[in-house]
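This briefing walks through one protein model, topic by topic. Keep the structure open alongside the text.

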Amino acid sequence: MTQHRRALARFPSTVRWPVLAACALAAAALSACGDTAKLPFSAGVGPSPELPAPHKSLIPTVNIAPAEGWPQGGKPVPMAGMQVTAFAQGLDHPRWLLVLPNGDVLVAETNTPPKPEPEGQSLWQKLRGWVMVKVMARAGSGAPPANRITLLRDADGDGVAETRSVLLQQGLNSPFGMALVGQSLYVANTDAVLRFPYQTGQTQIVAAPAKVADLPGLPFNHHWTKNLIASPDGSKLYVTVGSNSNVAENGMEAEAGRAAIWEVDAATGAHRIFASGLRNPNGLGWAPGTGTLWTVVNERDEIGSDLVPDYLTSVKDGGFYGWPYSYYGQHVDARVQPQQPDMVARAIVPDYALGNHVAPLGLAFSDPARDKALPPALASGAFIGQHGSWNRQPRSGYNVVFVPFVNGKPQGQPIEVLGGFVSPDGKAWGRPVGVALDARGGLLVADDVGNAVWRVSAAAPAR
């Protein structure tokens, strides 16, 4: 039985079928109700987004693009002056990417781990959870995870991987983030950081992993993706751990160590909370020239299509970014009780709003000193893979954008680098996740609905 059938099995038979009927009604209601954005999308973008009053409703807006996959020969649409090719296709829910120094590309093929419902939920919470699982399944999530890291190799440099091999399978549990430090490959499972031995050019790792540190995970594991990045000297790992809820509705006890970025000693596994109050951080990157750590964060849902902007921000050691008590600085979320005014007063305002409900996941910085094949407009800034909204009318995200940086700070409006992921009739042909720059100046994009890795590069000159 599925996890929700198991949950329903706890009800007496005289109650079970009414509960199922109520679930069906709730699902129908969720697909039909909700609010529509009153502000233009651009109002929620930039260093000073417009933040209207929250929109309160019993039933949240649900407006997701059902996963369909690409039609034969289909592919995303690049910005003018760029071209897109299929670096690799036929993958199984590719989510994250790591480009190795020799040019090989690692892809984490992964998905949501099995997870039970938290204990002590009300009937309404159970119904809502059941409906949301159904909604996310329509978005392409929920299939059994492949639990595999695949190596892709483009030996002739034509932008297409000619060979692929399974680099890793042993010990993986919904793997996501990856980092190479010397001859050690670090992998962030949903519940632990692992270390594997690695030699340059290796196409398969059979050695058992060493556990570096446990991470908050099962039994209940709402935001399951864990990303990591190494410090420039390789001594520390910075690991993202998303919250266990939307706004702590399962209690703060369930949030221990979550909604945070951890700093982990790579040698010993000793760890501390580096920054907190980050609802669901994912992508991580070191800004070229500054040595500052940046992240992209999925903010809270269910207070309207015009709230709350997801964001890109620098990460301050010891910084608190508001979740769950407030958003975008000191904007209090009245749903969270009891409130903590002292925590709200500490909340740091993020650097740059990406727009409401765009679901930013991937983050990769371009470096003008390194990425000389990129056009000037993309030479200095951050590429961001936006997985796309479920809680906004109209939809937002479902694209890859570039945020220009000037003097170490984001400036201006985002530039859409790759779009066309949603069909004219509202189906998701693809959904971008991880992004990474290869050694030849191409942008790689993991597409977990299209089951592909796309490569965006400067268009060949006309002849």
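**Briefing: backbone, cores, sheets and spaces**

His93 is buried, with a relative accessible area of 6%. The model is a predicted one.

- Most residues other than glycine have a negative phi, and most peptide bonds are trans.
- His93 has a phi near 55°, a positive value in a residue that is not glycine.
- The loop between strand 3 and strand 4 holds His93.
- His357 also has a positive phi, about 65°, and is not a glycine.
- Is His357 buried or exposed? His357 is buried, because its relative accessible area is 4%, and buried means under 20%.
- His357 sits in the loop between strand 21 (352-356) and strand 22.
- Leu307 and Val308 are joined by a cis peptide bond, with omega at about -5°.
- Val308 belongs to the loop between strand 17 (293-298) and strand 18 (309-314).
- Another cis peptide bond links Trp323 and Pro324; its omega is about 0°.
- Pro324 is in the loop between strand 18 and strand 19 (326-327).

**Nonpolar cores**

- In soluble globular proteins, nonpolar side chains tend to be buried together.
- The largest nonpolar core has 22 residues. Which of them touch the most other members? They are Leu106, Leu168 and Leu185.
- Two or more residues of this core come from each of strand 4 (94-99), strand 5 (105-109), strand 6 (148-153), strand 7 (163-168), strand 9 (184-188) and strand 10 (192-197).
- Strand 10 gives the largest share of this core, three residues.
- Beyond four places in sequence, Leu106 touches Trp96, Leu97, Leu98, Leu100, Ile149, Thr150, Leu151, Leu167, Met178 and Leu185.
- Another core, of 20 residues, lies apart from this one; Ala364, Val417, Leu437 and Val445 are among its members.

**Sheet 8-9-10-11**

- Strands of a sheet pair through backbone hydrogen bonds, either parallel or antiparallel.
- Four strands make an open sheet in the order 8-9-10-11, with antiparallel pairing.
- Why is one side of strand 8 (178-181) and of strand 11 (210-214) left without a neighbour in the sheet? Both stand at the edges and each has a single partner strand, so one side of each has no neighbour there.
- Neighbouring strands of this sheet are turned by 20° against each other on average, direction ignored.
- Four bridges join strand 10 and strand 11 in the antiparallel sense.
- Ala192 stands opposite Asp214 in strand 11.
- Ser184 is part of strand 9. Apart from neighbours within four places in sequence, Ser184 contacts Ala179, Arg195 and Phe196.
- Ser184 and Tyr198 are 14 residues apart in sequence, with their C-alpha atoms 5.6 Å apart in space.

**Sheet 3-29-28-27**

- Four strands form an open antiparallel sheet in the order 3-29-28-27.
- Which strands are at its edges? Strand 3 (82-89) and strand 27 are, and each pairs on one side only.
- On average, neighbouring strands of this sheet are turned by 25° against each other, direction ignored.
- Strand 27 and strand 28 (residues 443-447) pair in the antiparallel sense over four bridges.
- Val435 stands opposite Val445 in strand 28. Val445 is also one of the residues in the core of 20 residues.

**Cavities and pockets**

- Rolling a probe the size of a water molecule over the atoms shows where empty space is left.
- How many cavities of 30 Å³ or more does the whole structure have? A search finds three.
- The second largest cavity has a volume of about 40 Å³.
- Its lining consists of Asp35, His55, Ser57, Pro60, Thr61, Glu302, Ile303, Gly304, Ser305 and Asn391.
- The second largest pocket holds about 970 Å³ of space.
- Of the 32 residues that line the second largest pocket, Leu98, Val99, Ile229, Trp286 and Arg370 lie nearest its centre.
- Strand 4, strand 8, strand 12 (228-230), strand 16 (280-286), strand 22 (360-366) and strand 27 (432-437) each give two or more residues to this lining.

Definitions and conventions. Residues are numbered from 1 along each chain as its sequence is written. This is a predicted model: local features need pLDDT of at least 70, side-chain atom pairs count only at pLDDT 80 or more; totals for chains, interfaces and linings use all residues. Side-chain values use heavy atoms; hydrogens and water are left out. A nonpolar core is a set of buried Ala, Val, Leu, Ile, Met, Phe, Trp, Tyr and Cys residues joined through side-chain atoms within 4.5 Å. Buried means under 20% relative accessible area, exposed over 50%, partly exposed in between (1.4 Å probe, protein chains only). Contact means heavy atoms within 4.5 Å. Two strands pair if DSSP finds at least two bridges between them. Axes are lines fitted to C-alpha atoms, for helices over the stretch in contact, and angles run from 0 to 180 degrees between N-to-C directions. On a 1 Å grid over the protein atoms alone, a cavity is a set of points where a 1.4 Å probe fits but cannot get out, and a pocket is an open set with protein on both sides within 12 Å along at least five of seven lines; lining residues have an atom within 4 Å of a point. Grid points are joined across faces, edges and corners, and a volume is the space filled by probe spheres set on the points.
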